[in-house]
2 protein chains.
Amino acid sequence: MTSFSEQFRQELDQLMRWRRDVRHFRRDPVEGALIDRCLATFNLAPSVGLSEPWRVVRITTPAARAAALANFEAANTQALSGYSGEKAKLYASLKLSGMRDAPVQLAVFCDEETDKGAGLGAGTMPEMRRYSVVAAITQFWLAARAAGLGVGWVSILDPVQISRDLDMPDSWALVAYLCIGYAAHDMQSPELERLGWEDRRGHLPVIDR
Amino acid sequence: MTSFSEQFRQELDQLMRWRRDVRHFRRDPVEGALIDRCLATFNLAPSVGLSEPWRVVRITTPAARAAALANFEAANTQALSGYSGEKAKLYASLKLSGMRDAPVQLAVFCDEETDKGAGLGAGTMPEMRRYSVVAAITQFWLAARAAGLGVGWVSILDPVQISRDLDMPDSWALVAYLCIGYAAHDMQSPELERLGWEDRRGHLPVIDR
């Protein structure tokens with residue numbers, strides 16, 4: 001039985017406490033080898049039926065970056081219009097993406113029609129393929145933070161437009177747009193909590209059946 | 001900047017390598033405090049707009065366990081009928097759930113209508129709430145393995161029937177049915193790979209745009 005020490009468990013807990021959704025990045029480049037090492041965690045992620053349905057696209061050209069940023073800005077303006085009064089004022093003051101600064105940006109897709117795994121485990125719950133991609137992203141996120149990198153997951157986007165702008169196959173669904181780089185600040189609490197948008201529950205209610 | 005040592009990063013990599021989807025459990029009970037400590041990682045997970053939409057249900061009564069097992073068996077029989085020849089023979093030989101033995105079983109739902117977070121980040125991608133639940137489950141999975149516990153995610157189920165059998169609100173969607181306990185064996189490679197269902201890719205292709 002491969003076992004892990006109490007010290008490791010405490011450090012893992014600290015890693016989860018310090019993992020943040022980062023929107024304030026320094027513009028310093030990130031060494032390719034560092035990113036590659038973090039990306040290697042995708043191969044260790046659980047996937048339904050071993051389908052490994054994640055597809056990773058690195059957004060590097062100015063045109064691709066500009067299209068993604070414009071996509072975010074349109075969706076964010078639209079989102080703002082759904083709030084009013086104090087909540088609207090607060091929403092407008094939030095920085096909800098680091099897309100102008102983050103040196104590394106990835107669009108992560110799910111191949112909904114992959115043959116890999118022969119559909120095992122995804123018959124009644126085809127969404128399991130997308131969930132597998134999310135599990136891989138979560139592992140990448142933890143590995144990146146352990147390597148001193150910040151990750152921000154941008155979801156205020158039209159996902160179909162992202163796929164179209166990047167010329168991806170129709171069967172690939174956008175799961176996440178990730179901004180990656182060195183965080184400008186290191187915080188133990190979420191920015192949305194510090195700025196008064198929402199509190200953390202701090203307690204997990206468990207229902208018995 | 002809270003930083004993590006190279007030794008910790010290597011152990012984190014080992015943890016991801018040894019994390020498995022477990023279907024063979026010992027029946028020994030698991031101490032409540034151990035499970036509670038692993039469940040505490042839910043509170044550290046990223047969630048869209050700080051919505052914390054995860055809802056955790058512990059399946060303890062014989063009736064609730066029997067209903068979940070019957071649900072799996074019906075879905076598994078149905079899934080088998082979709083394969084033929086050698087693939088069907090192989091599928092029939094696979095053990096795809098540890099529901100008969102796992103001492104701890106959890107159904108994890110997403111509250112699709114939570115007010116928490118006021119919808120931030122989930123306007124164009126409402127699936128972000130379910131993705132937040134998956135991220136929390138992934139963190140729990142890693143913490144459980146670090147604590148010496150195995151986790152198996154069962155998705156061969158009718159999710160709506162699970163919700164109905166457990167009398168959950170209509171707005172709660174089943175994301176995962178988790179089997180938890182001490183693994184009968186400790187393996188560094190996936191069972192689906194060892195038994196010849198599917199190989200792991202072992203390499204992550206990255207597309208540039």
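Helices here are DSSP runs of H or I with at least four residues, strands are runs of E with at least two, and both are numbered from the N terminus. This is a predicted model, so local features need pLDDT of at least 70, side-chain atom pairs count only at pLDDT 80 or more, and totals for chains, interfaces and linings use all residues. Residues are numbered from 1 along each chain as its sequence is written, chains are lettered from A and ligands numbered from 1 in the order in which they are written, and side-chain values use heavy atoms, with hydrogens and water left out.

Is Ala144(B) buried or exposed? Ala144(B) has a relative accessible area of 0%, so it is buried (buried means under 20% relative accessible area, exposed over 50%, partly exposed in between, with a 1.4 Å probe and protein chains only). Leaving aside residues up to four places away in sequence, Ala144(B) touches Cys38(B), Leu149(B) and Val151(B), where contact means heavy atoms within 4.5 Å. Thr41(B) is 103 residues from Ala144(B) in sequence, yet their C-alpha atoms are 9.6 Å apart in space.

Now move to the strands of chain A. Strand E3, residues 150-154, has five of its five residues buried. In a regular strand the side chains alternate between the two faces of the sheet. In E3(A), Gly150(A), Gly152(A) and Val154(A) point one way, while Val151(A) and Trp153(A) point the other way. E3(A) pairs with strand E4, residues 172-181, in the antiparallel sense over five bridges (two strands pair if DSSP finds at least two bridges between them). Within E4(A), Cys179(A) is the bridge partner of Gly152(A), and Leu178(A) is that of Trp153(A). Strand E2 of chain A, residues 104-111, also pairs with E4(A) in the antiparallel sense, over eight bridges, and Asp111(A) stands opposite Trp172(A).

Next, see how the chains meet. 97 residues of chain B are in contact with 97 residues of chain A. The area buried between them is about 8400 Å², with 61% from carbon and sulfur atoms (buried area is the accessible area, with a 1.4 Å probe, that two parts lose on being put together, summed over both). Leu44(B), Tyr131(B) and Arg209(B) supply 10% of the area that chain B buries against chain A, more than any other three residues.

On a 1 Å grid over the protein atoms alone, a cavity is a set of points where a 1.4 Å probe fits but cannot get out; a pocket is an open set with protein on both sides within 12 Å along at least five of seven lines; and lining residues have an atom within 4 Å of a point. Grid points are joined across faces, edges and corners, and a volume is the space filled by probe spheres set on the points. The largest pocket holds about 540 Å³ of space. Of its 33 lining residues, Pro46(A), Ser47(A), Leu50(A), Asp21(B) and Arg23(B) are the closest to its centre. H5(A) gives the most to this pocket's lining, with four residues. The largest cavity has a volume of about 440 Å³. Among its 29 lining residues, Asp21(A), Arg23(A), Ser47(B), Val48(B) and Gly49(B) lie nearest its centre. H5(B), the helix where we began, gives the most to the lining of this cavity, with four residues.
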